[in-house]
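Trainee: Could you walk me through this one? I have not looked at it before.
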Amino acid sequence: MGEVACMSEATSKLELIMGAEGVARVASSCVMVLGLGGVGSNCTEALARGGVGSFVLVDHDIVQESNINRQAIAFMSTLGRKKTDVMAAMIADINPNAQVITLDEFVLQENVAALMDAWAPRVDYVVDAIDTISTKLALAEYADAHDVPLISSMGAANKLYPECFHVSDIYQTKNCPLCRIMRKEGRKRGIRKLKVLYSCEEPVAVEVREGATRRERSNLGTASYVPPIMGQMIAGEVLRELAHLEQER
């Protein structure tokens with residue numbers, strides 16, 4: 001009884017704007033987050049604070065010092081720990097009643113179908129916060145073919161102005177190099193639609209470090225506030241849809 005009362009108090013401010021039914025819908029929902037980097041970790045934290053009752057978290061990385069400038073789970077005290085473990089502990093500290101399943105694995109183009117076949121029927125929304133384009137396309141193709149609610153994060157690199165971020169269909173985007181590739185490849189694959197969060201800001205031109213290989217991506221810089229804002233915006237979109245608020249606009 002004490003735990004229920006605690007969570008009711010924790011979501012009392014949400015109830016004022018979402019209504020008790022909306023908060024209840026969120027609490028009974030399960031969200032799958034693919035990738036717990038700057039966007040994914042901040043999105044997951046916001047979803048937990050927003051009252052989401054169940055999570056499936058997928059990542060195969062550990063916390064590194066270079067993550068500290070933008071990731072919700074990155075602290076000196078968490079360096080070297082699995083991101084899924086740190087994120088699960090954070091969720092438990094926010095809402096002890098939340099159910100969390102962690103999958104310590106890479107999400108690759110080759111295993112998207114198997115992963116989604118196993119988990120898509122059990123979740124209410126999927127957040128794609130992965131960097132790999134081939135994987136993002138495979139997820140978009142699967143979601144479009146199977147009517148899976150999906151929102152995909154586009155590029156955060158070399159962006160400075162958060163007011164330029166918008167939720168849109170991929171085919172309505174502009175000025176984002178990642179979106180450009182996604183549009184082109186999406187048409188080839190017959191992907192009809194894909195909800196994305198993207199920035200219409202022209203990316204800042206950054207020189208490649210001398211001697212750096214293409215794999216190092218040394219010309220991709222990230223502002224400390226951009227991925228967290230992206231994660232929060234995606235969480236807002238997901239929470240509103242889960243609460244059925246988007247249908248009322």
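Mentor: Let us start with V31, which touches L47, V52, S54, F55, V56, Y125, V127, V238 and L242, leaving out residues up to four places away in sequence; contact here means heavy atoms within 4.5 Å. This is a predicted model, in which local features need pLDDT of at least 70 and side-chain atom pairs count only at pLDDT 80 or more, while totals for chains, interfaces and linings use all residues. Residues are numbered from 1 along each chain as its sequence is written, and side-chain values use heavy atoms, with hydrogens and water left out.

Trainee: Which residues have the most contacts inside the largest nonpolar core?
Mentor: They are V31, L47, V52, V127, I234 and V238, in a core of 40 residues. Such a core is a set of buried Ala, Val, Leu, Ile, Met, Phe, Trp, Tyr and Cys residues joined through side-chain atoms within 4.5 Å, where buried means under 20% relative accessible area with a 1.4 Å probe and protein chains only.

Trainee: And which element gives the largest share of this core?
Mentor: That is α8, with seven residues; helices are DSSP runs of H or I with at least four residues, numbered from the N terminus.

Trainee: Switching to S41, buried or exposed?
Mentor: S41 has 0% relative accessibility, so S41 counts as buried. The residue sits in helix α3 and, leaving aside neighbours within four places in sequence, S41 is in contact with L36, Q71, A72, I73 and M87.

Note on methods
Buried means under 20% relative accessible area, exposed over 50%, partly exposed in between (1.4 Å probe, protein chains only). Helices (H or I, at least four residues) and strands (E, at least two) are DSSP runs, numbered from the N terminus.
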